[in-house]
Amino acid sequence: QAQLVESGGGLVQPGGSLRLSCVASGITFSSYAMGWFRQAPGKEREFVAAITKSGGARSYADSVQGRFTISRDNAKNTVFLQMDSLKREDTAVYSCAATPRYTSDIYYPHSYDYWGLGTQVTVSS
């Protein structure tokens, strides 16, 4: 069965960087667009970034544009989220997700078929 496993979260000071990874198994990874979402306590899950099946196009939330970079390695069934210039408001559980369709609905959780359990990112001094 499909499984997505995130790693790379942790505690970082404001202005610092983290690189999240998400390894997929049980799916043909190159047939899926991939997304990253996050959820802070008491808030709804929100879109962070997405990347097409080939990696040729990317989308970002306005709140992370210019600070976060999504990438993928189809040979390793892995999608990455490089997070730089982190802010306290970036604190959340970050989850990766897979969808066979990269459309205008890429920003919405309901468009994704498979989800990881998430990794905690805490930005604090």
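Select Arg38 to begin: in this predicted model, the residue has a relative accessible area of 5%, so Arg38 counts as buried. Is Glu46 buried or partly exposed? Its relative accessibility is 35%, so Glu46 is classed as partly exposed.

Next, the disulfide. Select Cys22 and Cys96, which are joined with an S to S distance of 2.0 Å. As background, a disulfide is a covalent bond between the sulfur atoms of two cysteines. Turn the view to look along the S-S bond: the angle about it is 55 degrees, and the link of Cys22 and Cys96 is right-handed. Because Cys22 lies in strand S3 and Cys96 in strand S9, the pair ties together parts that are 74 residues apart in sequence. Cys22 has 0% relative accessibility and so counts as buried; Cys96, also at 0%, is therefore buried too. The disulfide count is one.

Now switch to a cartoon view and find the open sheet of four strands. Which order do the strands follow? Going across, you meet S1-S3-S8-S7, with antiparallel pairing. Strand S1 (3-7) and strand S7 (68-73) are at the edges with a single partner strand each, so one side of each has no neighbour in the sheet. On average, neighbouring strands are turned by 15 degrees against each other, direction ignored.

Zoom in on the pairings one by one. Then move to strand S3 (residues 18-25) and strand S8 (residues 78-83), an antiparallel pair with six bridges. Here Leu18 has Met83 in S8 as its bridge partner, and Ser21 stands opposite Phe80 in S8.

For the next stop, select Thr99, in strand S9 (residues 92-99). Thr99 has 0% relative accessibility, so this residue counts as buried. Show its polar contacts: the Thr99 side chain reaches the backbone nitrogen of Arg101 at 3.2 Å, and a polar atom of that side chain lies 2.8 Å from the backbone oxygen of Ser111. Leaving aside residues up to four places away in sequence, Thr99 touches several others, among them Tyr32, Ala33, Ile106 and Asp113.

Finish by selecting Arg101 together with Asp113. Their side chains meet in a salt bridge at 3.7 Å, N to O. Arg101 lies in the loop between S9 and strand S10 (114-115), and Asp113 lies in the loop between S9 and S10, so the pair ties together parts twelve residues apart in sequence. Arg101, with a relative accessible area of 42%, is partly exposed, and Asp113 is partly exposed at 40%.

Notes: Residues numbered from 1 in each chain as written. Predicted model: local features only at pLDDT ≥ 70, side-chain atom pairs only at ≥ 80, totals over all residues. Heavy atoms only, no water. Pairing = 2+ DSSP bridges. Helix = DSSP H or I, 4+ residues; strand = E, 2+ residues; numbered from the N terminus. Axes fitted to C-alpha atoms, helices over the stretch in contact; angles between N-to-C directions. Buried < 20%, exposed > 50% of the residue type's maximum accessible area, 1.4 Å probe, protein only. Polar contact = N/O pair within 3.5 Å; in protein donor to acceptor, adjacent residues only side chain to side chain. Contact = heavy atoms within 4.5 Å. Disulfide = S-S within 2.5 Å. Salt bridge = Lys/Arg side-chain N within 4 Å of Asp/Glu carboxyl O.
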